[in-house]
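Subject: Handover of a structure

Dear colleague,

Please find below the sequence and structure that I am handing over to you. I would be grateful if you kept them in view while reading my notes.

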Amino acid sequence: MTARYETTALAIKKDDFGYCCPTCGRWIRVPDSWCHWCGQRIEWDAIARDRYKEERNQRRTHRQ
Ligand SMILES: [Zn+2]
């Protein structure tokens, strides 16, 4: 029943800030571990992870 969700799939890059689910094609956000629409487990490439880290640092700086 959960077999499908145990396989991770690499997020598809749509543009600089957007990624979509490789299974259902809907928008997903870094750093979601799975697609909220279909439950597909998502794997992020290094570029996406770095970008998320940058954004998180900027947000933290902005708040404080
Ligand atoms: Zn999906």
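The notes below describe what was found in this structure.

This is a predicted model, in which local features need pLDDT of at least 70 and side-chain atom pairs count only at pLDDT 80 or more, while totals for chains, interfaces and linings use all residues. Residues are numbered from 1 along each chain as its sequence is written.

Overall content

The protein chain contains one helix and five strands. Helices (H or I, at least four residues) and strands (E, at least two) are DSSP runs, numbered from the N terminus. Along the sequence, these elements follow the pattern β-β-β-β-β-α. The chain has 64 residues, of which 11% count as buried. A residue is buried if 20 or more other C-beta atoms lie within 10 Å of its own, exposed if 12 or fewer, and partly exposed in between, with C-beta atoms placed from the backbone.

The sheet

Strands of a sheet pair through backbone hydrogen bonds, either parallel or antiparallel. Here, an open sheet is formed by three strands in the order S2-S3-S4, with antiparallel pairing. Strands S2 (12-13) and S4 (27-28) each have a single partner strand and stand at the edges, so one side of each lacks a neighbour in the sheet. Two strands count as paired if DSSP finds at least two bridges between them; S2 and S3 (residues 19-20) are joined by two bridges.

Cys20 is partly exposed, because 18 other C-beta atoms lie within 10 Å. Not counting residues up to four places away in sequence, Cys20 touches Ile12, Lys14, Gly25, Arg26, Trp27 and Ile28. Such a contact requires the C-beta atoms of two residues, placed from the backbone, to lie within 7 Å.

The loop between S4 and S5

Strand S5 spans 41-43, and Cys35 lies in the loop between S4 and S5. Is Cys35 buried or exposed? Cys35 counts as buried because it has 22 C-beta neighbours inside 10 Å. Leaving aside neighbours within four places in sequence, its contacts include Cys21, Ile28 and Ile42. Pro31 lies in this loop too, and a cis peptide bond, with omega about 5°, joins Val30 and Pro31.

The nonpolar core

In soluble globular proteins, nonpolar side chains tend to be buried together. Which residues make up the largest nonpolar core in this model? It has six residues: Ala11, Tyr19, Cys21, Ile28, Cys35 and Ile42. A nonpolar core is a set of buried Ala, Val, Leu, Ile, Met, Phe, Trp, Tyr and Cys residues joined through C-beta atoms within 7 Å. Two of these members, Cys35 and Ala11, are 24 residues apart in sequence and 9.5 Å apart in space, C-alpha to C-alpha.

Yours sincerely
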